[in-house]
Amino acid sequence: MDNRNKLITFLFSFSIMNAQGGNYIKNIEWNVEIMPFSKFTNFITEENSLNPNNRIAKLYCAEYALHLRPSLKYENKKIVFSAHPRLKINNYKDLSVYFQELKIEYRINDKAQIMLGRYVKELGSSLFVNPGNPFFIDADRINPKIEIKPMDFLQINYYPSKNFALSFLANLYRGEANIYQYPLFDFKRNYALYFDYYISSGHIGSIFSISENLKTHLGYYGQKTISDAIIIWLEGAIDYRPDRFYAVEGHEHNYLKHDVINGSRNDKYFFSNLFGFSFSLKSGTTFYIEYFHNGKGFNNQDITLQNAIKASTNEYHFDATKILSDRNLGRIINSGMIFPMKNYIFSQITHNELFNKMNCSLRYFYCLDDKGAQLSSLLEWDLSNNLQLFSVGLFNIGNKQTNFKQLVNYQTMIGMAINY
Amino acid sequence: MKNITVIILFLFSHISMAQNIDEKFKEILRESDFYRGSQISGISWILHVQNFKDKKQENELLIHVEVSTLNNKQFALITFLSPSNSIGKKMLLRDQNLFFMKKGLRQPILISGRQRLSGAAANADITSCNYYADYEIIEVKEAKYDGSDYWVFNLRANNNQASYYNIIYWIDKDKHQAKKAEFYGKSGKQIKTALFRYNNPVKYKSEDYNFISQICIFDNLRESHYTILDLRDIKFEEFGNSKFLKENLN
């Protein structure tokens, strides 16, 4: 779809919303968020890096963007319809128009419902990474102001009691998830069965999924309130044949010295686990700490091969080999894992509604394997009922070989969110 | 031997009488919860929250509250309707668990009792307090307040996730409606005081009742702060099993 058609589609859906008038008409709710922001990124573009001359990641140094995020919900006794169109435009004349959510729910009776459409399906108990979720492996969640791209789902829910939910879920199409297109992963339908069970002081759940190419996943998660100050949680997964790009020596046609593939080394079981707890002070300030062991994460041999690929990039000058070499770098960046090393400590301090106006969070992630770290902050300041200023800061710490710092040095984002 | 039998019989009768008294007060507590919207299988209302500092209104919120109480289990779904920057905020209370969702969060998070007591969540929490299930009666005294006779309940949390450790609760002897509540933390420090008004005539199961219409909450830790909660549009409705699940917060 060209940019003009994209704009017409967006304006059409936006005008339908505005035609309703007011935020609450019988059975209809709507809301519009207008988000202008500027984002400055300092990234590494050297030869022999992951992103030589920025031709792989195509990051923007200084981006001035406008995101329009309307949302519409119609609800009656049997049907719920929701539409969240998105329009994004920036100073590089990149225009994207799509639906973050376009979903219809049909309530068969009090105990069953069927859902069809485009949306993000979140599962799990962790704040930072959800190894239990077989559907979303995007790395977008580093910045809370950027939405995860949705996929197309069919979901059937059965609620035998108020404490128990059993669901069937299938991703029918890749939707907006760019990771499922060449040269990254092939999109395969994934069929899942999961349950959520609530206990008086917590919640547990598990999901089993199998894909068209027999990729299988058993995810589990749970949370428990220990006292008025402490909450604990765990989450984990057992994966067989996951989507994961790893580096190997040699190339099937001997064009390159190395290749990055989603191959037979993934035909085994990988165990990932995460444990976390939070502690709240009486003031409401809350500390979160998590330890994450990523069974699919890369070992020293994998990292040595990846470094060899980066070092050999400038050896390939001909079109075909250069394209393949760049494809390899793209696959290292999008390996299929948000945190691609084996062991991490995540921590966060949060205070919400400070002076009734501000939300503040400070995050520190530390990789126990390569000793790299990431410091990030989020500050939201409500100037009025309709206007919020925000800033997101991200600073990677460590040498250039560490996973956190191999692409981006630091990033700052400043913007406002205007809500109607 | 006869004397011992008499003593044992006396003791048993006393225990039985104490149990009856205990049951009576539990029933009064349950009834007072009912007038505040608890102990009902399905009820909803609109809550207008006004926060004041030094008698000046700081902010106001409009919240939709849906509650279901089954035996000792309580579920509440709290949806923020206005102002604009609150749209998308939702809270789900399931017994001692409180899940919170807002724009920017990927999924609902479980928040602690202490987080619950700070910020906007705190006062909405008071409206859906289930004293009958979450507190045990330590002592009941009689007192006069504004010329009427009251039972003064001393309540203590029966689980470590309850928002307030201790509540002194004034219940009208005739109407069994709560007039006043004093909320205390574990240290014994008074945190809040709430005054309740009943001016919402409703029909429930063919009977006429006067339900809660206003709660004034005074912050004892920050004396110039107080909150007025007005309840309106009370409706009795049955909710499906999916209503009070975490998934509904998205």
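**Figure 1. Sequence separation of contacts in chain B of the predicted model.** Of the contacts in chain B that link residues at least 6 apart in sequence, 44% connect residues at least 24 apart. The chain comprises 4 helices and 13 strands. Among its 250 residues, 41% count as buried.

**Figure 2. The largest nonpolar core and the surroundings of Tyr131(B).** This core contains 87 residues, and the members that touch the most others are Phe99(B), Tyr131(B), Ile167(B), Tyr169(B) and Ile171(B). When neighbours within four places in sequence are left aside, Tyr131(B) is in contact with Leu29(B), Asp33(B), Leu155(B), Ile167(B) and Tyr169(B). Another core, of 12 residues, lies apart from the largest one; Leu123(A), Phe135(A), Phe136(A) and Leu169(A) are among its members.

**Figure 3. The hairpin formed by strands S11 and S12 of chain B.** Strand S11(B), residues 190-204, pairs with strand S12(B), residues 207-219, in the antiparallel sense through 12 bridges. Within this pairing, Tyr209(B) of S12(B) stands opposite Val202(B). The hairpin has 2 residues between its strands, and Lys205(B) in the turn adopts a positive phi of about 50 degrees.

**Figure 4. The hairpin formed by strands S12 and S13 of chain B.** Strand S12(B) is also joined to strand S13(B), residues 225-236, by 5 bridges, and these two strands run antiparallel. Gln214(B) is found opposite Asp230(B) in S13(B). Here 5 residues lie between the two strands of the hairpin.

Definitions and conventions:
Residues are numbered from 1 along each chain as its sequence is written. Chains are lettered from A and ligands numbered from 1 in the order in which they are written. This is a predicted model: local features need pLDDT of at least 70, side-chain atom pairs count only at pLDDT 80 or more; totals for chains, interfaces and linings use all residues. A nonpolar core is a set of buried Ala, Val, Leu, Ile, Met, Phe, Trp, Tyr and Cys residues joined through C-beta atoms within 7 Å. A residue is buried if 20 or more other C-beta atoms lie within 10 Å of its own, exposed if 12 or fewer, and partly exposed in between; C-beta atoms are placed from the backbone. Two residues are in contact if their C-beta atoms, placed from the backbone, lie within 7 Å. Two strands pair if DSSP finds at least two bridges between them.
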